[in-house]
Number of protein chains: 2
Amino acid sequence: MGMRIYPTVKDIQEKIDLLLIATPPPVAPAILLECAEKGIKAVVLSTAGFAEGDEQGKELERKVVAIAREHGIRIIGPNTQGLVDSEGRLLICSVTNSPPPMLGDSGIAYVSQTAFFYWDFTLKNPHLGVSKAVDLGNMCDVDHADMIDYLSVDPKIRVIALHIEGLDKGRKFQEITRKATLKKPVIALKTGRSPAGRRAISSHTGSLAGRDEIYNGSFRGTGVIRAIDMDELIDFTKTFACLPSLPTGNRVGIITISGGAGTLAVDACKELGLNLAELSETTIEMTKQVLPPWATARNPFDMFTSLKIDAHSTYSMALEAFSDDPNVDSIVVIGILTSILSEMSALNALQEYAESGIKKPTVVCGFRDEGALKQLAALETKGLPVYSSVRNAVKSLAAAYSRHQFLKESFQKKW
Amino acid sequence: MGMRIYPTVKDIQEKIDLLLIATPPPVAPAILLECAEKGIKAVVLSTAGFAEGDEQGKELERKVVAIAREHGIRIIGPNTQGLVDSEGRLLICSVTNSPPPMLGDSGIAYVSQTAFFYWDFTLKNPHLGVSKAVDLGNMCDVDHADMIDYLSVDPKIRVIALHIEGLDKGRKFQEITRKATLKKPVIALKTGRSPAGRRAISSHTGSLAGRDEIYNGSFRGTGVIRAIDMDELIDFTKTFACLPSLPTGNRVGIITISGGAGTLAVDACKELGLNLAELSETTIEMTKQVLPPWATARNPFDMFTSLKIDAHSTYSMALEAFSDDPNVDSIVVIGILTSILSEMSALNALQEYAESGIKKPTVVCGFRDEGALKQLAALETKGLPVYSSVRNAVKSLAAAYSRHQFLKESFQKKW
């Protein structure tokens, strides 16, 4: 295929920064010894069949680790699909025929023990190009804490998303994470919540997954935001990557085209520790002007009756009024976000709102269809994250507010 | 506009089966008196500004109800966006410029107090054309129980999805629902779970939303499946509309392309009362053949190592083995469902599986992108519901199993 092949590592004359090993497991120790001889310090060991396999595999992994320790070699893996880095234009990914990883400068870093979560995010959010991602696999050497330590001081990274099957070094994780969360949000999806889940993990990456309550306590203590499923991991990651600022209070203003959906938002706020804002007199007066005489101006602001009169102006008026209202800390918009129904659509008003400078954290949800996906993506890159349901939007806002509270408490303690 | 206009109802010579009233509220009582005179028995009163508005509106609604009762007129509304019926090709929808409601013969009926939930379902699932939908609005006369009574004996309806803000007649609801749930699944999204949510409801439809625990007890007692958010309402509705049969046991077999995602499925199963199937010897032997020697054949069946060898055959083999395994009651497939990566895709294998006759309830999730939406829709119409995340797939399977359990217990009691 026109590429130069060397029989061994030692035959390569050039300096090697990083070596990808994709041989059968039994060959790995010998290759690592060659690395030591040649002074190679960084290895991605992609092959599977080590600690997650049989006894022979476990023994091989111990041997690999011993050689690496002795010669100061750092290893990512084994049993990994590699890593991607948009800044360095680096793509070490062992799955051939894989989708072109959608790299970008969103400031999102994914650290996981499988490539699944990173792929799932990029396929669902190709417009939010992930900056860095790594699959730690069996994690025989480089672990979550090492990556968090590195990413927390990387100025290009705004949010760190973790998928954790197990942590061997709990204290190290806590010490490093405690510092990192003061700098940027760290979100964790910990799997193996049940004993059966932990057994499944032992045959996936061989990780030792301890009791779930221990992780909960550790996350709470270090300010890590826990996601309980992939949807939450994706939504929370997007939230912190997109929102220009965090809510500084828990008073939520709701602008809705459906009273029924507005109630869903109220229920979700109450469930998640957020309150309804008491709208200021000015906001009440402004919203009154577009309501029929029999309706009460209140929060949620139900703008259904304005939809057929002048939807665009009503959305814009409400967004401005809520933004300027000192009683409102953050905004939930439940709008029409479809490619059809353009006269009643919120898309243009939201775009103008985003372009004029978002004053308060605002999350968006509502009716959507396939045709509007591109316009929704454009809103997200301008600071307005869009969610598939009312509850997911409010959950994400609550996660953002909990981050504000964590930072406030941490800095109060400090002074 | 070339349409004939009559000054009053009485001026219309033809027989009227159903009258839509879209006048300002104060005119409604006089029109109802004309209905009485002309013998019109069915009215959709779409206008807003009745019990959900001010004192005058409440008084008007009381007047309207009194006239209707006296003359045997049934009313849907007020404050409603109407109803749709695919069989009767009937579309009474007061929102002009609305999307063409995607009607069909999926057997799905939506009964709500806002059109939002029905619209949200159809926009997200245009391929699962809703058979019937009604927005009950303020529900001054026709209520959920009336609709459930009617839909439960409609042979075209397979599943009834409810959105409830409040129920005035609890005993009537329970009596009718208890019978209906023996015939077909009834799923309910009850909003107003918090006092603040209940206040929001009073300005939306004027409904009296009682304490949440009362609803929980009522749903449990009558076999209604409760959805806590729109995603669950949509997912559960889809599940019962698509699945050819219910799981008759709680032993789940998991086929996955990612060990990490397989663990998520295990966690979700355990959380929701489902168990992992102990695969039979035959299944173990079949799956062993495609695994590397170091790997253990087990449930979840992690087929990652087969992806690049022959993904299609592996998916097909696993689906067949799990289908024939007497220890497996239902199947979760976590696959590659994208328009790219076609060599590793599960789409063709799943399509063949669906076409050859699904032997056990099977739910699907995994990597997806925009490009594969049409193919996923085709799977759903063939009996394989597809979900946006692993947890949502397992939640829906658990809902289907809980329905099986409810039916079993109910019929045991009976004999």
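Student: In this predicted model, what makes α10(B) and α11(B) roughly antiparallel to each other?

Tutor: Look at the crossing angle: the axes of helix α10 (residues 281–288) and helix α11 (residues 307–324) of chain B come within 9 Å and cross at roughly 175°. Over 145 degrees counts as roughly antiparallel, so that's the label this pair gets. The touching residues are B:Thr283, B:Met286 and B:Thr287 on α10(B), with B:Met317, B:Ala321 and B:Phe322 on α11(B). By class that's four nonpolar, two polar and no charged residues.

Student: And why are α1(B) and α2(B) called roughly parallel?

Tutor: Helix α1 (residues 28–38) and helix α2 (residues 55–71) of chain B pack at about 5°, with axes 9 Å apart. Angles under 35 degrees count as roughly parallel, so these two qualify. Their contact includes B:Leu32 and B:Leu33 of α1(B) and B:Val64 and B:Ile67 of α2(B), and its class tally is eight nonpolar, one polar and one charged.

Student: Now the chain interface. What makes A:Asp229 and B:Arg391 a salt bridge?

Tutor: Their side chains meet at 3.4 Å, N to O. The cut-off is within 4 Å, for a side-chain nitrogen of Lys or Arg and a carboxyl oxygen of Asp or Glu, so the pair passes. Across the interface of chain B and chain A, the rule finds four salt bridges.

Student: How much area is buried between chain B and chain A?

Tutor: About 5700 Å², with carbon and sulfur atoms giving 66%. B:Phe116, B:Trp294 and B:Phe367 supply 13% of what chain B buries against chain A, more than any other three residues.

Notes:
Residues numbered from 1 in each chain as written. Chains lettered and ligands numbered in written order. Predicted model: local features only at pLDDT ≥ 70, side-chain atom pairs only at ≥ 80, totals over all residues. Heavy atoms only, no water. Axes fitted to C-alpha atoms, helices over the stretch in contact; angles between N-to-C directions. Helix = DSSP H or I, 4+ residues; strand = E, 2+ residues; numbered from the N terminus. Parallel < 35°, antiparallel > 145°, perpendicular 65-115°, else oblique. Contact = heavy atoms within 4.5 Å. Nonpolar A, V, L, I, M, F, W, Y, C, P; charged D, E, K, R; others polar. Buried area = accessible area lost by both parts, 1.4 Å probe.
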